[in-house]
4 protein chains.
Amino acid sequence: MRDSTPALPSPALALWEQRTEVPLFAASLLFLLGYAVRVLAPDDAEPWHDLALALVAATWLLFVIDYAVRIRLSGLGHRFLRVRWLDTLVLLLPLLRPLRLVKVYTAIQKRHDEPRLSLYARVMSYAGLAALLLGFSAALAVYHQEHDAPDASIRTFGDSVWWACATLTTVGYGDAVPVTPWGRVVAAFLMACGLALLGAVTGSFSSWLIQVFRREDEKGPPVSG
Amino acid sequence: MRDSTPALPSPALALWEQRTEVPLFAASLLFLLGYAVRVLAPDDAEPWHDLALALVAATWLLFVIDYAVRIRLSGLGHRFLRVRWLDTLVLLLPLLRPLRLVKVYTAIQKRHDEPRLSLYARVMSYAGLAALLLGFSAALAVYHQEHDAPDASIRTFGDSVWWACATLTTVGYGDAVPVTPWGRVVAAFLMACGLALLGAVTGSFSSWLIQVFRREDEKGPPVSG
Amino acid sequence: MRDSTPALPSPALALWEQRTEVPLFAASLLFLLGYAVRVLAPDDAEPWHDLALALVAATWLLFVIDYAVRIRLSGLGHRFLRVRWLDTLVLLLPLLRPLRLVKVYTAIQKRHDEPRLSLYARVMSYAGLAALLLGFSAALAVYHQEHDAPDASIRTFGDSVWWACATLTTVGYGDAVPVTPWGRVVAAFLMACGLALLGAVTGSFSSWLIQVFRREDEKGPPVSG
Amino acid sequence: MRDSTPALPSPALALWEQRTEVPLFAASLLFLLGYAVRVLAPDDAEPWHDLALALVAATWLLFVIDYAVRIRLSGLGHRFLRVRWLDTLVLLLPLLRPLRLVKVYTAIQKRHDEPRLSLYARVMSYAGLAALLLGFSAALAVYHQEHDAPDASIRTFGDSVWWACATLTTVGYGDAVPVTPWGRVVAAFLMACGLALLGAVTGSFSSWLIQVFRREDEKGPPVSG
């Protein structure tokens with residue numbers, strides 16, 4: 001059983017990535033905040049709209065610079081686009097940055113050297129957090145597309161969050177559903193990602209529960225039969 | 001692979017918890033009963049309403065006292081709130097107490113020393129029972145929020161139970177759906193918890209079935225090929 | 001890890017069960033057939049209705065006799081009801097007999113001594129077949145309850161089968177939904193059982209697929225990297 | 001634990017299958033293309049309709065010839081129909097050919113001898129691709145059945161793709177649902193297959209994530225506690 005690790009990064013790249021991971025994650029949260037303000041603020045709130053746009057543009061520029069530096073440090077040239085395709089995708093669609101959360105988590109852990117959570121708890125918390133951030137991003141994007149479409153059933157941001165919950169958990173009531181083509185593309189993406197992430201949460205919880213019960217077995221008094 | 005066990009409890013706390021687990025679980029069932037009566041009884045059934053309120057208040061007081069004693073015995077002071085955050089959550093939202101069922105189960109088992117169920121059967125029965133109790137609590141809470149909302153599709157307690165079944169199993173027909181903000185918050189919580197608990201039931205059942213078939217393999221006659 | 005095997009059956013009971021398993025399964029299919037004819041035949045098809053009723057009654061009588069013989073042979077007296085509660089449930093609700101399919105399968109296998117299927121294939125075929133039979137029974141029962149209810153969305157047997165498919169797979173479109181209390185009870189039962197059985201099918205398929213790919217790994221040429 | 005491998009194929013058959021796998025897969029993509037054009041082209045686009053029909057007929061003929069050759073080479077005679085029933089099914093319903101993708105993948109891998117993906121990545125990519133192709137085929141078939149049915153909720157091919165996404169992921173909003181009997185048969189088939197394939201994707205992703213976190217554990221600094 002071998003892992004799909006791409007070509008090993010150069011030491012310089014590894015150092016750069018370790019150092020920039022947390023600031024970039026903060027920047028991606030700022031990006032999300034800017035996007036949220038832009039989508040949710042009423043149309044006539046002029047200063048907020050412009051500020052949010054500036055925030056979005058600034059953070060995106062940061063991502064582009066980081067990407068360029070990493071291409072340079074990797075020494076891979078244009079092969080970088082193919083070998084690290086996930087990074088490329090994340091550059092083009094910054095709303096997907098939460099998926100990089102796992103590296104941030106590792107980086108923070110290495111720094112603080114705190115007692116770590118158990119394996120399953122970490123998988124659960126990573127997948128759960130990533131699902132939450134993706135769900136929030138998707139709710140924003142769908143609200144953006146849908147709120148002024150004719151015949152839309154998603155009219156408020158609350159509806160959109162409610163729709164994201166029902167979609168991520170695959171409950172799918174159908175009382176709030178995207179009707180525009182782009183809204184549906186975002187929804188299909190959320191279904192695919194959410195399904196995998198939530199499946200990881202469920203699977204880890206199940207494994208963790210079995211582990212807890214098994215451990216208790218070993219501690220328990222000897223039983224007859 | 002290490003577990004996320006918090007700081008070991010002091011012996012006094014461990015003894016207290018072992019002794020109070022079952023009475024407190026009984027109290028939490030009484031709390032649920034009181035809440036159910038309060039929500040389900042018709043508005044003009046005066047004495048019942050007041051009795052139910054008294055029951056709810058009395059059991060909640062019990063939980064507060066137990067919590068205070070445990071803070072004291074733990075010797076952790078205000079760190080108790082953070083280390084045992086699940087206990088704190090359960091104190092604030094007593095409808096979540098069924099999640100502590102696993103400790104009750106262990107406590108009862110230790111006392112009776114009966115032959116225990118198999119590992120998977122225990123995980124299934126714990127997760128199934130917890131899902132059932134959570135589903136019932138959620139059905140009560142949603143009925144409470146929804147039954148007199150305009151445009152509600154959940155009008156009777158039967159509708160609410162039906163909705164809880166369809167939500168816990170992620171079927172989500174959408175014929176009965178919460179429409180109020182608080183109803184939707186409860187629903188989102190039920191989806192998240194229910195998904196994990198039901199996933200544990202399904203996973204354990206699947207593992208158990210594979211185990212049964214494997215065992216039968218070993219017992220079976222030698223086969224050709 | 002210990003299994004929840006009840007008290008070992010006496011040799012006489014084991015022999016009886018092995019011998020009667022297949023005939024009783026045939027009888028349970030006849031029961032299902034009789035019930036299906038009774039539910040699906042138009043009301044004025046007199047002779048068919050009576051024949052179907054006779055068939056249902058005769059097979060049920062057979063189950064009662066078998067149950068009585070087994071109580072006798074087990075030597076457990078009234079404890080039989082508790083120890084073998086699944087048998088008791090199956091006696092009262094013969095539509096659940098498909099769940100005993102696993103024993104029938106074993107009995108047939110022992111007799112023919114054919115090369116058996118692989119472990120995962122057996123779990124999949126058992127769980128899949130049980131889900132199919134339960135789904136068919138549930139579709140019959142729900143059609144029985146719903147087809148003349150006011151405001152019913154399940155009006156034909158085709159609707160009912162469609163509803164059963166969407167429910168078993170937890171898709172739950174909501175275009176055909178039971179509205180009567182008993183229809184909803186049957187539906188909730190189908191959700192719970194179907195979820196577990198389908199989870200077993202999915203889990204086994206997943207394990208089988210991973211096994212296939214792993215095996216191919218071992219056979220494959222040595223790879224670089 | 002033994003696998004359900006049918007009788008070993010003769011060397012001639014194995015060679016034939018290895019050589020024809022990739023061309024036949026290309027043919028099956030052409031078949032899908034022809035079917036897509038036939039279903040999606042407007043009715044008055046005469047030349048396209050005829051070309052597509054010719055393409056479909058020609059590729060189907062190819063499948064029949066391949067099937068006949070394989071019966072001959074296997075030396076099994078009419079037992080081939082039973083032993084290789086999946087091949088027979090795929091001959092009758094060429095839209096199911098994507099399920100053979102796993103063999104194509106293996107064949108390509110053997111030829112190129114590239115560094116392979118990890119086990120879980122391969123299961124995920126196989127199951128994901130098969131689900132995608134099946135979903136696309138089902139969307140075509142359902143659109144074919146539904147688009148001119150009275151009261152249909154699936155009116156455009158976009159609706160049909162949206163329906164296929166919501167069905168494969170078991171979200172099942174219910175805003176676009178097949179209403180014709182044949183549309184529902186296709187849907188039920190998609191639910192069953194899609195559930196198993198998506199379950200494999202989710203399961204592998206979950207296992208992969210746990211593996212990643214576990215590996216990182218081993219690399220990490222020794223931790224206290």
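Start with the UniProt record: its unreviewed entry lists residues 21-39, 51-69, 119-142 and 185-210 of chain A under "transmembrane region". Such annotations may be inferred rather than shown by experiment, and their positions are given in the numbering used here. The model is predicted, so local features need pLDDT of at least 70 and side-chain atom pairs pLDDT 80 or more, while totals for chains, interfaces and linings use all residues. Residues are numbered from 1 along each chain as its sequence is written, chains are lettered from A and ligands numbered from 1 in the order in which they are written, and side-chain values use heavy atoms, without hydrogens and water.

Select residues 51-69 of chain A: this stretch is 100% helix and 0% strand, with its end C-alpha atoms 27 Å apart. Helices are DSSP runs (H or I, at least four residues) and strands are runs of E (at least two), numbered from the N terminus.

Next, select residues 119-142 of chain A. Here too the chain is 100% helix and 0% strand, and the end C-alpha atoms lie 34 Å apart.

Go on to Leu93(A), in the loop between α4 (85-92) and α5 (101-112) of chain A. Leu93(A) counts as partly exposed because its relative accessibility is 46%; the class lies between buried (under 20%) and exposed (over 50%), with a 1.4 Å probe and protein chains only.

Finish at α7(A), where nine of the 12 residues are buried. Among them are Phe157(A), Trp162(A), Trp163(A) and Leu168(A). Just after α7(A), look at Thr170(A), which has a positive phi of about 60°.
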